[in-house]
Amino acid sequence: MTDILWRPDTDQTRSALLEGDVYRPDILAEIENSIDSLSLKLRELSDKIHACPELKFEEHYAHNEYTKFMEEQGFTVQKHYLLETAWVATYTHGQGGRVLGVNSEMDALPGIGHACGHNLIGISGVAVACAAKAAMEKLGIDGKIILLGTPGEEGGFGKVRLWDKGAYEEMDVCLMCHPAPGPPQSVSLSSCLAVVRLQVDYSGHTAHAGLSPWEGQNALDAAVLAYTNIGLLRQQIKPTHRVHGVFEGKDWAPNIIPDNSTMHWYVRAPTTKEALETATRVKGCFEAAAIATGCTVKMTPGSIGNELVQNKALGEELVDVVRKRYGDIDYEWGIASASTDFGNISYLMPGLHPGFSIPTLPGGGNHTRAFTDAAATDAAHEACYNISKALAHVGMRALTDEAFLTKVKFAFEEAKQDRGN
């Protein structure tokens, strides 16, 4: 079978682009010039972040490096913005105008570093904001740019916390992107999976595991049984759904019947409604394990992550500029089977979150050590610069074309009606 994914040894020849003009070629020219001129500095920034991975809400080094960079680019920067490691960089030109929002992620993963490429996501947000600023200055375009440094994407729902604190209030649209495996030099407009998070705690009774095990209620057995129950349940759920988790305990020893265990589970599905429905079935697995082992069970719901809603009007504009300038579009790859807290943002305001492909090894997709390496390559950075140019173009159309922004807002309301909320 032919491998359609972009590999390090793939022919780098770009497929034929479409002919025709893009919206405001003068704006795109300024965007491209800006990002090209900043590319060496952006690479240096990315390499620093990549070499110093920090976990969710501990992104102190990244916070300092990004805020320093944005101050040097002439933005007004507020450090420790609403959250300890969040930040915001703003630029205003003229009076009035629309507000372009952009996100830069920062956090890495335990043990495997920047295995989701947040170093690339971070510099992409910087590139989009700087390019938009350059176009506004050169061409006299009124408006405002808000670049949010968003911590804690990996399980921390940092963007949702920032939304709740009002960080997105001024924005008319919000843009960001994400690297992933995919066809060569392609941009993906796939969605992602909604996710329901659950913590499950079993409580039992200790006993001597050799002398009198019948006196115990084994909370480790409850966790193992729940894990097995879910393994069997997977045969009966849709192939587009995902259920996965881990378990742990305190003060376990081979000669003691464990009286406690804790499980952390994610239930994912293409829509929030489906994820909640499957989560109900998963909870039955937890309850059955408690009954079988004589333990008690406590289920604590975590945050719910919505699926990604790609704004139709913003997406169509992205397709136009990508196909005419940078590469191909796909609707299958990207982060289609993963989840992001930007999904919640896309439920609440017009947003666009395309994936962009980078060269990866077989078995080296997101959340692998091989992807950590892939996120530091020259080709990955070139792909990052191209998607950043395209996103900046889309953002500048939202700032300069009132009819287009009206379409964007209509598409947002239409998507809300389609999903029933």
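This is a guided tour of the structure above, one selection at a time.

Before starting, note that this is a predicted model, in which local features need pLDDT of at least 70 and side-chain atom pairs count only at pLDDT 80 or more, while totals for chains, interfaces and linings use all residues. Residues are numbered from 1 along each chain as its sequence is written, and side-chain values use heavy atoms, with hydrogens and water left out.

**The open sheet**

Select the strands β1, β2, β4, β3, β5 and β13, which in that order form an open sheet of 6 strands with mixed pairing. Strands here are DSSP runs of E with at least two residues, helices are runs of H or I with at least four residues, and both are numbered from the N terminus; two strands pair if DSSP finds at least two bridges between them. At the edges of the sheet you will find β1 (76-78) and β13 (351-352), each of which pairs on one side only.

Now select β2 (residues 87-93) together with β4 (residues 143-150), which pair in the antiparallel sense over 7 bridges; within this pair, the bridge partner of Trp 87 in β4 is Gly 149. Buried means under 20% relative accessible area, exposed means over 50%, and partly exposed lies in between (1.4 Å probe, protein chains only).

**The nonpolar cores**

In soluble globular proteins, nonpolar side chains tend to be buried together. A nonpolar core is taken here as a set of buried Ala, Val, Leu, Ile, Met, Phe, Trp, Tyr and Cys residues joined through side-chain atoms within 4.5 Å. The largest one has 70 residues, and those with the most contacts inside it are Tyr 66, Met 70, Phe 75, Val 126, Leu 318 and Met 396. Its largest share, 12 residues, comes from α10.

Which residues does Met 70 contact, leaving aside its neighbours within four places in sequence? Select Met 70 and you will find it in contact (heavy atoms within 4.5 Å) with Phe 75, Val 77, Trp 87, Ala 89, Val 126, Ala 129, Cys 130 and Leu 147. A second, separate core of 25 residues includes Val 243, Met 263, Val 282 and Ala 290.

**The pockets**

Next, select Glu 154, Arg 197, Tyr 266, Arg 268 and His 367, which, among the 42 residues lining the largest pocket, lie nearest its centre. On a 1 Å grid over the protein atoms alone, a pocket is an open set of points with protein on both sides within 12 Å along at least five of seven lines, a cavity is a set of points where a 1.4 Å probe fits but cannot get out, and lining residues have an atom within 4 Å of a point. The largest pocket has a volume of about 990 Å³, where grid points are joined across faces, edges and corners and a volume is the space filled by probe spheres set on the points. Which strand gives the most to the lining of this pocket? That strand is β11, with 5 residues.

For the second largest pocket, of about 220 Å³, select Trp 6, Gln 185, Glu 382, Ala 383 and Asn 386, which lie nearest its centre among 15 lining residues. Here α10 gives the most, with 5 residues. Stay on Gln 185, which lies in the loop between β6 and β7 and has a positive phi of about 50° although it is not a glycine; Gln 185 is partly exposed, with a relative accessible area of 22%.
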